[in-house]
Amino acid sequence: MNFDIWHLLDQWDYQPGEVAVRKFKGKDGGEKIQLRVDLGLLQMNTTGRPDGKRPYGHESLLQHYRARLEKHRRTHGGNDDSFTLKADDCAKLQQEAIQYHHRYICLFQLDDYSGVIRDTERNLEVFNFVNQYAESDELAWSLEQFSPQLLMMRIRAKGMLALREERHGEAVAVVEDGLDEIRTFYRQHARQDLLEQSGEIHSLESWLEEIQTKRPLSQREKLEHALDEAVRREDYEKAAQVRDALRNLKTSR
């Protein structure tokens, strides 16, 4: 067996600062994603656990620990107060979450926004699970500190889906609600100091401004602009026509 992948790397140059990713069908018939990194390739499945493994017979470690929780509840009269995730458990869940992180970054680059939403929401479930059952606040924060980046990617994916269907108003609402969600996260964790420094907030604010700038004008806005232009050019006949059109627009509603 030839283990050398140099011929693959030689045909696909690495570009620093760029996310170079491609999707293809593997020999098993399933879709795969490859990410070009400086020293080689990362390959992952498009569905299920990215590395294709089934830990303890489950789709993911998250499902395994949820099964352990349900077993604990059955043997403790439905009570989960004594169920805890130790440092090793949290480390394993974090390592698995990194796999999904790599994949949703690739999926975003491939314009698979539904896949991004699926994987970001899945990792948010992991963070919430660890936050609820970790044996210490420090362990919970070791994962939860990455929530703003995760939320930003989910917001961007939802916004891009709306823009793809030319629902600009919905995209604006998605970003505004998302910004509130990230700000609330910082406040709930008493990290107001990070509000001004947050790269995620700054990125989404810039994107929001871009969406609003490129938003198609409504019929009313078009008429109002036409009226301003007619008055500026002292074309009062045209201005009168536009005013009539604006009045007709009001009465038709």
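## A buried salt bridge

Both E96 and R49 are buried, and in this predicted model their side chains meet in a salt bridge with an N to O distance of 2.6 Å. E96 lies in helix α3 and R49 in the loop between β3 and α2, so the pair ties together parts that are 47 residues apart in sequence.

## Other charged pairs

R183 counts as partly exposed because its relative accessibility is 21%, a value to be read against the cut-off for buried, which is under 20%. E205 is also partly exposed, at 34%.

R233 forms a salt bridge with D235, and here the closest N and O atoms are 3.7 Å apart. R233 is partly exposed with a relative accessible area of 44%, and D235 is partly exposed with 26%. Elsewhere, salt bridges that share partners join R49, D51, E96 and R122 into one network.

## The sheet

Now to the strands. Three of them form an open sheet in the order β1-β2-β3, with antiparallel pairing. The edges are taken by β1 (20–25) and β3 (40–45); each has a single partner strand, so one side of each is left without a neighbour in the sheet. From one strand to the next, the twist averages 25°. Five of the seven residues of β2 are buried, so this strand is largely enclosed by the rest of the structure.

Six bridges join β1 to β2, which covers residues 31–37. On this side of β2, A20 has R36 as its bridge partner, and K23 has I33. The two strands form a hairpin with five residues between them, and G29 in the turn has a positive phi of about 90°. Six bridges also join β2 to β3, again antiparallel, with Q34 partnered by Q43 in β3. The hairpin formed by β2 and β3 has two residues between the strands.

## Nonpolar cores

The largest nonpolar core has 50 residues, and those with the most contacts inside it are L85, L93, F129, V130, V175 and L204. Elements that give two or more residues to this core are β2, α2, α3, α4, α5, α6, α7 and α8. Its largest share, nine residues, comes from α4, which spans 113–133.

Leaving aside neighbours within four places in sequence, F129 is in contact with L62, Y65, R66, L69, F83, L85 and L93. Apart from this core lies another, of seven residues, among them L227, A230, A239 and L246.

Most residues other than glycine have a negative phi. What is the phi of Y56? It is near 55°, a positive value in a residue other than glycine. Y56 sits in the loop between β3 and α2 and is exposed, with a relative accessible area of 59%.

E234 also has a positive phi, near 60°. Its place is in the loop between α9 (219–232) and α10 (236–251), and E234 is exposed, with a relative accessible area of 56%.

How values were computed:
Residues numbered from 1 in each chain as written. Predicted model: local features only at pLDDT ≥ 70, side-chain atom pairs only at ≥ 80, totals over all residues. Heavy atoms only, no water. Pairing = 2+ DSSP bridges. Helix = DSSP H or I, 4+ residues; strand = E, 2+ residues; numbered from the N terminus. Axes fitted to C-alpha atoms, helices over the stretch in contact; angles between N-to-C directions. Buried < 20%, exposed > 50% of the residue type's maximum accessible area, 1.4 Å probe, protein only. Core = buried A, V, L, I, M, F, W, Y, C linked by side-chain atoms within 4.5 Å. Contact = heavy atoms within 4.5 Å. Salt bridge = Lys/Arg side-chain N within 4 Å of Asp/Glu carboxyl O.
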